[in-house]
Amino acid sequence: MEVADKAVGLLLTITSLSIFTYYTFWVIILPFVDRGHFVHNYFLPQEYAILIPVFAGVALLSFLSMFVGYVMLKSKKKKKA
């Protein structure tokens, strides 16, 4: 199982580094590149640079809130029984 764990860890690391590099280039470097340059074809419009992380954060907070609420309700039922 150790090899599978290492493979999953490597895959997650590569994925997160790729996303970080893409987003960093998209938000920090791309605004300084001319609009007509071909590199703009590989990126979404700049508005999505804010919208995607905001929606991801809202989804994460919603999931965490539902999870905490579920655990609190489940522990309350255990105390009664």
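Predicted model: local features only at pLDDT ≥ 70, side-chain atom pairs only at ≥ 80, totals over all residues.
Between them, domain 1 and domain 2 bury about 440 Å², and carbon and sulfur atoms account for 56% of that area. The domain assignment places residues 1–43 in domain 1 and residues 45–80 in domain 2. Taken over C-alpha atoms, the centres of domain 1 and domain 2 are separated by 25 Å.

The interface can also be described by its contacts. Six residues of domain 1 touch six residues of domain 2, where contact denotes heavy atoms within 4.5 Å. Two residue pairs are in polar contact between domain 1 and domain 2, both at pLDDT 80 or more. The count of salt bridges between domain 1 and domain 2 is zero.

V27 and Q46 are 19 residues apart in sequence, yet their C-alpha atoms are 7.5 Å apart. V27 belongs to helix α1, which comprises residues 2–29. The relative accessibility of V27 is 32%; V27 is therefore classed as partly exposed, since that class lies between the limits of 20% and 50%.

The annotation and the modelled secondary structure may next be set side by side. In an unreviewed entry, UniProt lists residues 7–29 and 49–73 under "transmembrane region". In the model, residues 7–29 are 100% helix and 0% strand, and the C-alpha atoms at the ends of this span lie 32 Å apart. Residues 49–73 are likewise 100% helix and 0% strand, with 37 Å between the end C-alpha atoms.

It remains to consider charge pairing. Side chains of opposite charge can pair when their charged atoms come close. Which residue forms a salt bridge with K6? The partner is E2, and the closest N and O atoms of the two residues are 3.7 Å apart.

Because K6 and E2 are four residues apart in helix α1, about one helical turn separates them. K6 has a relative accessibility of 56% and so counts as exposed. E2, at 55% relative accessibility, therefore counts as exposed too; the class requires a value over 50%.

Conventions
Residues numbered from 1 in each chain as written. Heavy atoms only, no water. UniProt positions renumbered as here; feature names shortened; annotations may be inferred. Helix = DSSP H or I, 4+ residues; strand = E, 2+ residues; numbered from the N terminus. Buried < 20%, exposed > 50% of the residue type's maximum accessible area, 1.4 Å probe, protein only. Salt bridge = Lys/Arg side-chain N within 4 Å of Asp/Glu carboxyl O. Domains from an automatic or database assignment. Buried area = accessible area lost by both parts, 1.4 Å probe. Polar contact = N/O pair within 3.5 Å; in protein donor to acceptor, adjacent residues only side chain to side chain.
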